[in-house]
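Here are a few exercises to work through with the model open beside you. Try each task before you read its solution.

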Amino acid sequence: MKMTLLVLATTLISSFAFADARIGSPAPEFSVTDAQGKPQNLKDYKGKYVILEWYNKDCPYVRKHYDSGNMQKIQSELTGKGAVWLTVVSSAKGKQGYMTPGETITNGTKEGSKASAILIDESGTMGKAYGAKTTPHMYLIDPQGTLRYAGAIDSDDSSDKKTIATAQNYIMAATNSAMKGEKIAKETSKPYGCSVKY
Amino acid sequence: MGFFVFTLTLLISSWAMATPSSFTFPQGKVELLSSRPSWNSEEDVALGLHFNIKDDWHIYWKNSGDSGAAPKWKWNITNGSIKEELWPVPERYPLEGMINFGYGKETLYKFLLSADTPQPINARVKLEFLICKIECIPYFTDLELNLPYQATTTEESPLFTKFLYPEKIPTGTKWDILSQQSDDLQTQLYLSNDLSANIKTLEVFPLDGENFKPQSPHMEMTASGYRFTHALQDTSKTDFSGSPFLVSIATNSGDRVAFEIALSPSPSPALAKILFWALLGGLILNIMPCVFPVLSIKILSFLGPEKSRHQLRISGWFYSAGVIASFIFLGGVLLFLRSSGEQLGWGFQLQSPAIAAGIATLFFWLGFNFLGTFEIGQSLTYLGARKTQNTHWGSFLTGVLATVVATPCTAPFMGAAIGASLTLPPPHTLAVFAGLGLGMALPFLALAYFPQALRILPKPGAWMEKFKEVLAFPLFATVIWLLWVLAQQIEMTGVLFVLILFLCIGLWIWCSRQIRNERLKQIVLAIGFVLSLAALYFLPESSSIKGTTTATSSDSWNTFSETSINSELKSGNAIFIDFTAAWCITCQVNKKLVLNTTDIQKLFSDNKVKLYKADWTDRDPKITKALASFGRNSLPLYVYYSKGSKEPQILPEILTKSLIQNLFTNQEKSP
């Protein structure tokens with residue numbers, strides 16, 4: 001009896017989870033400054049949908065979505081529906097994709113970015129709190145501050161621009177479903193692309 | 001001259017038209033190869049994409065891991081087709097806190113060919129691949145190869161056997177899912193004895209990067225294979241059966257084996273097995289110190305000569321129904337409260353001071369009754385069920401009472417089973433509770449059917465009266481325990497309130513003895529009983545004080561918090577966590593006899609073990625959550641993390657000194 005219970009118990013052992021960002025749980029709070037030097041906190045956006053996009057200007061997968069105009073298109077479409085789009089640069093100083101605030105502004109204009117703000121997270125604190133692994137890595141937070149989607153931007157992990165047309169866009173689908181009050185069909189996916197340069 | 005120009009144009013046009021079979025890029029080269037210079041129907045032939053890349057760069061496996069992307073190919077083959085793609089066994093590349101699966105230096109992706117007719121084969125491939133160091137560069141290229149047909153056999157290129165590819169699953173191999181706890185999945189890989197005995201190293205890779213983290217799962221060797229704990233990605237998925245894994249084994253004899261295998265669903269006889277143990281556990285409850293007096297009185301009531309067989313059986317069934325219904329009710333309440341977000345566990349009833357005081361009051365009355373200070377009339381029939389009339393409901397209520405009384409005793413023994421049952425679908429959970437109830441009712445039911453078993457007892461007589469009187473003392477002991485629990489939950493004034501109430505009860509009973517009229521006496525007693533329970537409404541429980549148990553014990557125990565545990569784990573300290581509560585007797589016994597003894601305390605401090613105490617006397621959702629993370633919802637629970645280990649070790653519910661001492665000796669043997 002005792003033995004069996006022990007066996008039963010040991011099969012159920014699990015360690016404490018070091019959970020960071022979890023679907024259905026409050027999204028981690030962040031406090032960073034944007035390229036304009038303005039402080040950006042998640043709590044300022046209570047009541048709005050917030051989309052986070054991890055960015056590295058030199059990553060081929062980021063290039064795929066910006067050079068094709070795909071990212072800018074999604075940005076303007078979703079911000080047009082009232083969502084807040086925050087592009088996050090977590091590259092550490094000296095690593096690929098790092099930009100000073102001034103460079104970030106120039107680069108944003110050059111990209112034709114339609115993001116609400118570009119956040120500079122050179123310490124990587126915000127990126128690690130969310131568990132951001134790749135560029136691009138996408139997150140959706142609802143007006144209550146709950147994390148609703150985490151993962152890839154779309155279903156095709158090719159770096160070829162031509163695949164955008166046939167891929168299923170996860171972040172668009174998730175945001176649209178959430179805004180309509182429907183269940184999000186795909187809440188997580190495996191993010192693809194370059195690693196975030198912490 | 002003319003001929004020269006002709007040849008030149010021919011050459012140029014063929015250069016322009018033909019696609020090369022290799023592609024060179026700054027970090028290396030990829031070449032499309034065949035395993036043999038020509039093919040014939042006697043021999044297997046394969047194509048290969050052979051990469052040679054510079055140090056520090058890597059390309060990817062089909063699951064790329066935390067970042068990166070797998071190569072992609074699109075074949076266009078005339079006179080043949082690809083019948084199988086073989087990805088070599090990858091390596092883990094740790095990269096700034098992330099893990100990728102891939103290949104460095106040299107590798108060969110293999111494609112088994114099947115041909116249509118004895119003609120040359122032409123293969124073209126559109127290849128896209130990503131190569132990364134820290135930064136990543138994608139490349140696109142088209143490659144082409146012609147493979148002539150030749151009847152004579154040719155040698156196979158050694159390149160095609162240089163790398164390890166997955167093969168057939170060895171016989172006797174099976175991989176079962178055991179259980180899932182939030183972000184962890186426990187599995188068991190069974191290997192044949194010959195293979196198992198011969199393993200030098202074993203590595204596993206998930207093919208499913210969406211649900212499994214790329215980290216190597218924690219593994220533990222078992223008699224029949226390996227037990228794994230996989231870290232899951234944050235997904236809502238709960239069914240992982242069918243998830244494929246690649247297993248790579250190096251044997252002591254220097255061989256290497258690899259195969260892909262899918263997880264099988266958890267073995268299903270689990271429910272039947274749990275039910276069996278629930279039944280057995282229920283049986284054991286009958287000898288618990290708090291249940292025994294109530295039951296023995298009930299059994300003694302069988303001895304009366306006036307009972308018919310039929311009556312006995314009915315009574316037995318009513319009692320069983322009472323027990324089972326109460327168990328199902330408790331299970332239902334537990335499920336309901338949990339589903340509505342309450343953090344509760346088994347034994348939760350005693351976390352409310354009013355209920356602890358109520359049971360104490362009830363036992364106090366019962367004790368007096370056992371002592372014979374008053375006879376039980378109709379109002380209290382169910383407590384002792386001495387009278388023959390009304391025994392049906394009396395039996396039912398005895399069942400209810402026995403269950404209420406039994407639950408605090410059950411916790412230490414049934415904890416794991418009940419914890420496991422709460423993770424099952426609700427109907428199964430209730431089935432387990434019903435099983436417990438049936439187990440507890442079983443001996444009684446058996447007696448109802450075979451009352452001849454009672455013949456081993458002496459003939460009814462004066463001894464029964466004496467026996468009953470003696471049984472009052474375990475009841476009073478239980479009252480003391482309950483008051484002590486109460487003292488941990490509320491301030492002394494509350495305990496004083498209950499003690500004064502007891503004084504009043506005593507006085508009330510004494511006064512009732514002065515009444516001559518039997519009927520009036522019964523009514524007065526009944527009123528007193530109801531009043532005494534009603535008085536508990538005024539129990540001053542607002543002044544609940546927490547942490548008294550922590551304060552009264554030695555200072556070596558820190559108060560439990562998940563953050564401090566996590567930071568201790570990060571700094572690699574050894575940790576011992578004591579999940580305890582004042583109402584958990586086993587916990588107190590362990591504390592007195594083992595944990596708080598000077599030699600064990602010295603052992604802990606010598607080995608620099610950080611001691612934590614999680615006190616669950618009052619309801620505390622954080623502790624309920626922590627218990628749940630170990631698959632428990634009851635006490636006691638002892639968890640030990642050895643130095644530098646993040647894997648918790650669950651100790652038995654009943655501790656011994658040697659058990660604690662072994663923790664440290666074992667550690668030295670296998671650091």
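## Exercise 1: An open sheet in chain B

In this predicted model, 5 strands of chain B make up an open sheet with mixed pairing, in the order β19-β21-β20-β22-β23.

**Task.** Find which strands stand at the edges of this sheet, and say why one side of each is left without a neighbour.

**Solution.** Start with the order of the strands, β19-β21-β20-β22-β23. β19 (557-559) and β23 (649-651) of chain B each have a single partner strand, so they are the edges and one side of each has no neighbour in the sheet. Going from one strand to the next, the twist averages 30°.

Now step inside the sheet. Strand β20 (residues 574-580) and strand β22 (residues 637-641) of chain B run antiparallel and are joined by 5 bridges. To place one bridge yourself, go to B:F579: its partner in β22(B) is B:L637.

## Exercise 2: A hairpin in chain B

**Task.** How many residues lie between β7(B) and β8(B), and which residue in the turn has a positive phi?

**Solution.** First check the pairing: strand β7 (residues 91-95) and strand β8 (residues 98-104) of chain B are antiparallel, with 5 bridges between them. One of these bridges can be found from B:P94, whose partner in β8(B) is B:I99. Next, look at the turn: 2 residues separate the strands of this hairpin, and B:E96 has a positive phi of about 45°.

## Exercise 3: Disulfides

- **In chain A:** the sulfur atoms of A:C59 and A:C194 are 2.0 Å apart. The link is right-handed, with 85° about the S-S bond. A:C59 sits in the loop between β3 (50-54) and α2 (60-67) of chain A, while A:C194 belongs to strand β9 (residues 194-195) of chain A, so the bond ties together parts 135 residues apart in sequence. Both cysteines are buried.
- **In chain B:** B:C132 is joined to B:C136, S to S 2.2 Å. The torsion about the S-S bond is about 110°, so this disulfide is right-handed.

For the last step, use the cut-off for buried, which is under 20% relative accessible area. B:C132, at 1% relative accessibility, therefore counts as buried. B:C136 has a relative accessible area of 7%, so B:C136 is buried too.

## Exercise 4: Aromatic rings

**Task.** Are B:Y103 and B:Y109 buried or exposed?

**Solution.** Begin with the total, 42 aromatic pairs over all chains. B:Y103 and B:Y109 are edge-to-face, 5.5 Å centre to centre with 90° between the planes, and both are buried.

Then widen the view: B:Y103 and B:Y109 belong to one aromatic cluster, whose members include B:F23, B:W73, B:W87 and B:F129. To finish, turn to chain A, where A:K186 lies over the face of A:Y170, 5.8 Å from the ring centre.

How values were computed. Residues numbered from 1 in each chain as written. Chains lettered and ligands numbered in written order. Predicted model: local features only at pLDDT ≥ 70, side-chain atom pairs only at ≥ 80, totals over all residues. Heavy atoms only, no water. Pairing = 2+ DSSP bridges. Helix = DSSP H or I, 4+ residues; strand = E, 2+ residues; numbered from the N terminus. Axes fitted to C-alpha atoms, helices over the stretch in contact; angles between N-to-C directions. Disulfide = S-S within 2.5 Å. Buried < 20%, exposed > 50% of the residue type's maximum accessible area, 1.4 Å probe, protein only. Phe/Tyr/Trp six-rings, centres within 6.5 Å; stacked < 30°, edge-to-face > 60°. Lys NZ or Arg CZ within 6 Å of the ring centre and 35° of its normal.
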